[in-house]
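Here is a short briefing on one protein chain.

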Amino acid sequence: MVFASFSFIFLFLPCVLVLYYAWSGRAWRNIVLLLVSLFFYAWGEPVYAFLMIASILFNWALALQVHRCAKGSPGKKAWLVVAIVLNLLFISVFKYTDFIITNLNAILGLELALVNIRLPIGISFYTFMAISYMVDTYGGRIAPQRNPLYFGTYLTMFPHLIAGPIVRYEIIQREIVFRKENLADFASGVRRFSVGLGKKVLIANTMAAVTEKLFTIDPQNLGAIPAWFAVLAYTLQIYFDFSGYSDMAIGLARMFGFHFNENFNYPYTARSISDFWRRWHMSLSTFFRDYVYIPLGGNRVGGLRWVINLMIVWGLTGLWHGASWNFVLWGLYFGVLLGCEKLIWGRWLESAPAVFQHLYSIPLFTLGWVIFRVDEPGSMLQWFAALFGAYGAGHVIMLDILNVLHYWPWFIVAAIGSTPWMRNLAQRWDRSWYLGLTGDSMLLLIFVWSTVSLLMGSFNPFIYFRF
């Protein structure tokens, strides 16, 4: 079940809200959230709900064991290693087994059969949450949750389960026990959910229709203009799809009294690649910074070791996104750019005019999405060749024949929506009750328009199924 669906919006969510608010007392409401979250997860893959339960139990028990050991003792670190290995094994078996087999066959000339294990949805998100919980327990930043049902509520809460954000326990540990639901938070959550739904259904899905048409064509037959049209469509699709789901997750959590961390901060307004990664998928960026980069030495090391550490971090960042070499290459691409900004042209870039900073950043992260989208090396090279005019400029008439040229108003809407302009306008409207009412009316229109689109069976891809 996904958020942008009729069954979730009009069946699952209303029933959950009624069940949740029918009970009083924090313990009962946490149990309701745990049970409905397991049901939500089991909706599409019932067997994997038992794996989720197993993850809850072994992480809960191991965190308590880590906490019991004396600070600095070998046993404390040993239990942490056991927990991390189990979590990584958990994700590796389901996500990377066939990737490993394929590469072994290619390198060693073997003929091992692929196992074709179906990937549990959201496994990368909740496994990283479990790892952060274990490491923070070890470091003394949090006290482990002694109630396994409460810990299960944290790990399985359906708002963040399928597409993040990666919510650290320290962010909501107090709210697990002491949160106070209120009408202001609930209304704010409904607004945020409506914004996210509109981003996903109206903008991301529209861009996806363009993307799917153009990326199925051999780039040698496109030329530069249609190729750039395709890449820009995908650039907008992936942002509005992912940030839309994050908005819906944050809004849903707020309806239940939780305040999740933000996951996007208008990354397409970035003035450097470093700035881009401070704004894009922030919960993942901070995870790798705090749990991989800093333990490897962070900024405390220099020279070749720093470069190697940087490449390790960004190679793993790419691999997290999927079991394919194009994702690893995508991560390393950004690692190289970040290294160059740090060592070569970063200071010069900081002193350049803002317009130049944007003109530098936008093409670089846009080209990065080509690596992310195209998994065949030969096809990837052809796409880059097409973008830089190796097959000619192409013809705008081709876009018209494919019925994608008439989507240009949505490109304008998406471009505006990629900036803080609408957010700043909304903040001004909040100061006036009649302008606030106008804003809420617009959100209602977006919600109705989005749900009608879903009911009509509009194209509704789910990018993050592989995570």
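Not counting residues up to four places away in sequence, Lys199 touches Ala204, Tyr239, Phe240, Ser243, Gly244 and Asp247, where contact means heavy atoms within 4.5 Å. This is a predicted model: local features need pLDDT of at least 70, side-chain atom pairs count only at pLDDT 80 or more, and totals for chains, interfaces and linings use all residues. Residues are numbered from 1 along each chain as its sequence is written, and side-chain values use heavy atoms, with hydrogens and water left out.

**Around Lys199**
- Lys199 lies in helix H9 (residues 183–214); helices are DSSP runs of H or I with at least four residues, numbered from the N terminus.
- Lys199 counts as buried because its relative accessibility is 15% (buried means under 20% relative accessible area, exposed over 50%, partly exposed in between, with a 1.4 Å probe and protein chains only).

**The nonpolar core**
- The largest nonpolar core has 137 residues, and Phe3, Phe8, Phe158, Trp280, Phe334 and Trp369 touch the most other members; such a core is a set of buried Ala, Val, Leu, Ile, Met, Phe, Trp, Tyr and Cys residues joined through side-chain atoms within 4.5 Å.
- Helix H10 (residues 224–255) gives the most to this core, with 18 residues.
- Leaving aside neighbours within four places in sequence, the contacts of Phe3 include Phe8, Phe40, Phe158 and Tyr245.

**Around Ala385**
- You will find Ala385 in helix H16 (residues 377–387).
- Ala385 counts as partly exposed because its relative accessibility is 22%.
- From Ala385 to Trp28, the C-alpha to C-alpha distance is 59 Å, and the two are 357 residues apart in sequence.

Methods: Helix = DSSP H or I, 4+ residues; strand = E, 2+ residues; numbered from the N terminus.
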